[in-house]
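This briefing is meant for a reader who is meeting the structure for the first time. Please look over the sequence and the model shown here, and then follow the points below, which are grouped by topic.

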Amino acid sequence: MSYRPDPGAKHCSQIRTLAILLLSICSLLTSPTTTSAKQQPPHILLLNSYHEGYKGTDDIVRGFRAVIEEAFPDATIKTEYLDSKYYSGAEYDETLHQLLSSKFKNHHFELIVAADDYAFNIVEKYYEDLFPQRPVIFCGTNAFDINRLNGKERFVGVDERPSFKESINLIFSLRPQTKRIVVIHDESITGQLNAEAFRSEASNFSAKAEFEYLAGLSLETLIDRIQKLSPDTAAFYFASFVNMSNGRQYSSGEALEILAANSPVPIFGGWEFSLNHGIIGGKLINLVEHGSLAGRIAVDILKGKSPTSMTKLFPSPNSFMFDDKELKRFQIEDALLPAKSTIINRPPTFYQKNRAEIFITLSSVLAIIVISSFLAIYKSRSRLQMAYQEQLKTERVLLDFQRELTQAFSEIKILQGILPICSFCKNIRNDEGYYEQIEGYIHKHSGVDFSHTICPTCLKKHYPEESDAIMQKGV
């Protein structure tokens with residue numbers, strides 16, 4: 001006998017094969033393990049103009065890293081410090097070029113970040129050789145000229161533009177007697193750019209005060225000059241470093257602390273990192289915020305947003321900030337400060353200082369109130385329960401009394417009215433229509449028992465012979 005395959009079974013087998021094939025194709029297309037679909041952790045090169053430990057540098061890096069690591073926990077951020085506080089010039093630029101080329105020319109980075117002016121200058125100068133076609137984010141660049149971005153489609157940045165105009169206005173608002181403003185800065189590229197920006201804004205106030213610029217002086221000379229300032233003078237400080245006459249270099253904060261200790265007048269500033277080192281305040285640049293803003297721009301680019309579709313230059317995030325110690329030292333009232341100002345070093349209020357104790361005390365009082373209320377409720381509930389039990393007893397007594405009273409009323413009701421009694425034998429007709437003796441009827445309806453005797457009339461009538469004798473015996 002020959003075997004002939006079932007055409008229906010063959011058709012079902014073909015359908016199953018086709019379904020398996022389609023499922024396999026869909027699995028391959030949607031599989032998260034395919035190399036093309038999986039996003040690798042980004043590699044970022046951060047070029048910093050200065051050195052690690054310089055607060056402005058550290059603030060930018062800290063703000064940038066915090067944002068990137070939140071969005072991309074596995075991101076690799078390679079930071080190169082260019083040390084331009086101590087080294088600069090064409091020869092040094094070329095040396096850095098060769099060093100960066102040797103280290104990173106063949107290394108793939110998704111993003112290049114330049115912090116401060118010198119780093120931007122290096123990236124701008126050697127971009128095509130070192131990082132062609134790579135997106136570039138820059139921040140910390142002072143008074144940046146947006147025209148420098150012409151033709152740089154992949155460059156996006158944050159302008160570090162000091163609010164010198166607002167801070168100069170603040171000086172006259174807090175100290176109307178000011179007739180002279182002494183400006184202290186260094187001669188680095190950053191220092192020169194800041195001084196140029198300050199001069200531009202100060203020209204609008206030339207009718208109010210005289211401006212003097214002290215650039216590149218030794219710390220000893222600055223101390224001598226600042227000690228002689230008159231009461232109608234204010235100082236403005238934005239030096240990145242100050243040298244001693246013996247060549248020793250003081251950082252911005254170290255030099256500022258020494259000058260503030262010797263200054264008879266308040267010193268204003270333009271950067272947040274100078275707070276707590278001697279400036280009274282101003283509308284300040286916060287470099288942590290600069291780094292954070294640069295980080296948010298970086299996240300957008302790393303997630304696929306094109307730099308060509310973004311704002312090319314973001315404004316500097318500046319705000320009014322003050323040091324309470326300096327405000328008190330120069331007797332500046334809070335009412336004179338701009339609205340929403342941030343004040344550091346302010347002694348804590350009574351609540352802030354004792355909030356733990358206040359919290360514990362309030363919690364204890366609240367606990368006592370809750371426990372007392374619970375006990376009062378419990379006692380009230382007990383009293384109510386006892387009263388309820390007494391009420392139940394009273395109700396039971398009343399119910400028993402009511403039943404007895406009802407029964408008595410019903411019995412009385414039975415005996416009231418007209419009783420059907422025979423005129424001759426005196427038997428009473430009951431509810432069933434039968435006659436019964438009157439004693440039985442009354443006993444049944446009232447429970448009354450009878451004892452039989454004979455009255456004197458009946459005695460004479462029925463026993464005439466014995467009646468007198470019986471009566472005399474008192475029976």
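**Overview**

Of the 475 residues in the protein chain, 38% are buried. The model is a predicted one, and its chain holds 14 helices and 17 strands. When contacts between residues at least 6 apart in sequence are considered, 67% of them join residues at least 24 apart.

**Strand 6 and its partners**

- Strand 6, which spans residues 180–185, pairs with strand 7, residues 210–215, in the parallel sense, and six bridges join the two.
- Within this pairing, isoleucine 181 stands opposite phenylalanine 211 of strand 7, while isoleucine 184 has leucine 214 of strand 7 as its bridge partner.
- Strand 6 also runs parallel to strand 8, residues 233–237, to which five bridges join it; here the bridge partner of valine 183 is phenylalanine 236 in strand 8.
- Strand 6 is largely enclosed by the rest of the structure, because five of its six residues are buried.

- An open sheet is formed by six strands in the order 2-1-3-4-5-13, with parallel pairing; its edge strands are strand 2 (76–81) and strand 13 (313–314), each of which pairs on one side only.
- Strand 4 pairs with strand 5, residues 155–160, over five bridges in the parallel sense.
- Threonine 141 belongs to strand 4, which covers residues 136–142, and stands opposite aspartate 159 in strand 5.
- The relative accessible area of threonine 141 is 1%, which is under the 20% limit, and therefore threonine 141 counts as buried.
- Once neighbours within four places in sequence are left aside, threonine 141 is in contact with Asp116, Asp117, Phe120, Val158, Asp159 and Glu160.

**Serine 292 in helix 9**

- Serine 292 has its place in helix 9, which is made up of residues 287–302.
- With a relative accessibility of 11%, serine 292 counts as buried, because that value is also under the 20% limit.
- Not counting residues up to four places away in sequence, serine 292 touches Gly63, Phe64 and Val67.
- Serine 292 and cysteine 139 are 153 residues apart along the chain, and their C-alpha atoms are separated by 10.0 Å.

**The cavity**

- The structure holds one cavity of 30 Å³ or more, and the volume of the largest cavity is about 150 Å³.
- The lining of the largest cavity consists of 18 residues, and those that lie nearest its centre are Tyr54, Thr190, Ser240, Trp271 and Phe273.
- Sorted by class, the lining of the largest cavity has eight nonpolar, seven polar and three charged residues.

- Lysine 340 counts as exposed, since its relative accessibility of 83% is over the 50% limit.

How values were computed
Residues numbered from 1 in each chain as written. Predicted model: local features only at pLDDT ≥ 70, side-chain atom pairs only at ≥ 80, totals over all residues. Heavy atoms only, no water. Pairing = 2+ DSSP bridges. Helix = DSSP H or I, 4+ residues; strand = E, 2+ residues; numbered from the N terminus. 1 Å grid on protein atoms, 1.4 Å probe; cavity = no way out; pocket = protein on both sides within 12 Å on 5 of 7 lines; lining within 4 Å. Points joined across faces, edges and corners; volume = space filled by probe spheres on them. Nonpolar A, V, L, I, M, F, W, Y, C, P; charged D, E, K, R; others polar. Buried < 20%, exposed > 50% of the residue type's maximum accessible area, 1.4 Å probe, protein only. Contact = heavy atoms within 4.5 Å.
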